[in-house]
Amino acid sequence: MSEKKVILTAAITGAVHIPSMSPYLPITPEQIIDEAVAACQAGAAVAHLHTRDPRTGQPTGDPELMRQVVDGVRARCGVVIGITTGGAIGMTSQERLAALPTAHPELASCNAGSVNFCFAPIADKIKQPKFDWEIPFVKNTYQVPFANTFQDIEDYMAIMGEHQVKPEFEVYETGMISNIAYFLKRGLVKAPVYLQFVLGVMGGMPATVANLNFLVETAQKVLGDQFIWSCAAAGKDQFDLVTTAICLGGNVRVGLEDNLYLSKGVLAKSNAEPIAKMKRIAEELGRSVATPDEARQMLSLSPAAPAV
Ligand code: KMH
Ligand code: ZN
């Protein structure tokens, strides 16, 4: 067992779940801010942020909303700010990157390759959608891939470099580790690279212990000691898998972006609940959780921008 501290990331709202699935999914900037602050108080060192249209809950890349959220979180706590550049399935790169220059995050997701990222089966479970956009949005993921070409990744990294933002590479399958090694070899990204293994997406690797082990071992072979890793898992196997990640010495992401439930049949009422659960489990397993400043050191982040 490793004695290294564990970085807990709270993925607050994402762009997969729809408002009809849970009344607790944060939608407005105020709700997203409150959720990030409460998650930090519960033990999260990093907040991974997306924004939604405050009236409808539809995912948006609106830079003004993201700036509002980031400033609001920063004014109230010191959590490391990570924003999405994955956006939502169907967004253009321009939409996905729009918020980065003005939000001044410390971390931003950088999706490490193209993958089918399908959540169309959600449509079968929703009998009475709250909003007209929800069913077409989820069904569209059956036919639209999540495109992240080599050129895209290079462009995203360049913009992050200009703004002193560290990429958090979202890795959905093993080949993406080699994509990152290629960029590292070309000097387009600095070591240590930060990998988020995202398992359980329909179209990517299923959330199994064998797959997580394989990803970690492959990263060790391909990247040597030039990486730090975390594990996120979508859906019902989330807690089993992220607990395994703690045992393997990795870091953990949980939150309503990845799983709306706290346990079988029990909706999480906030992001603080899954974070508190993982803090308890980590401590039981002999690993204490990193503070935001400890996470900054562990991830070699640029110093945090001052609070507004
Ligand atoms: N919303 C998904 C398409 C990220 O934040 O970069 C991808 C996603 C990953 O959420
Ligand atoms: Zn995300």
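A: A crossing is called left-handed if the near helix is turned anticlockwise from the far one by less than a right angle, and right-handed if clockwise. Helices (H or I, at least four residues) and strands (E, at least two) are DSSP runs, numbered from the N terminus. This is a predicted model, in which local features need pLDDT of at least 70 and side-chain atom pairs count only at pLDDT 80 or more, while totals for chains, interfaces and linings use all residues. Residues are numbered from 1 along each chain as its sequence is written, chains are lettered from A and ligands numbered from 1 in the order in which they are written, and side-chain values use heavy atoms, with hydrogens and water left out.

Helix H7 covers residues 150–162, and its axis is 12 Å from that of H8, at an angle of about 55°. Axes are lines fitted to C-alpha atoms, for helices over the stretch in contact, and angles run from 0 to 180 degrees between N-to-C directions. H7 is therefore oblique to H8; angles under 35 degrees count as roughly parallel, over 145 as roughly antiparallel, 65 to 115 as roughly perpendicular and the rest as oblique. The crossing of H7 and H8 is right-handed. On the H7 side, Phe-150, Ile-153, Glu-154 and Met-157 make contact with Asn-179, Tyr-182 and Phe-183 of H8, where contact means heavy atoms within 4.5 Å. By class, this contact of H7 with H8 has 5 nonpolar, 1 polar and 1 charged residues. Ala, Val, Leu, Ile, Met, Phe, Trp, Tyr, Cys and Pro count as nonpolar, Asp, Glu, Lys and Arg as charged, and the others, Gly among them, as polar.

H8 (residues 175–185) also packs with H9 (residues 209–223): their axes come within 10 Å and cross at roughly 25°. H8 and H9 are therefore roughly parallel to each other. Their crossing is right-handed. Here Ile-177, Ser-178, Ala-181 and Leu-184 of H8 meet Leu-215, Thr-218, Ala-219, Val-222 and Leu-223 of H9. The contact of H8 with H9 has 7 nonpolar, 2 polar and no charged residues.

Two loops complete the picture. Gln-164 sits in the loop between H7 and strand E7 (166–171); Gln-164 is not a glycine, yet its phi is positive, at about 50°. In the loop between H8 and strand E8 (193–199) lies Pro-192, which is joined to Ala-191 by a cis peptide bond with omega of about -5°.
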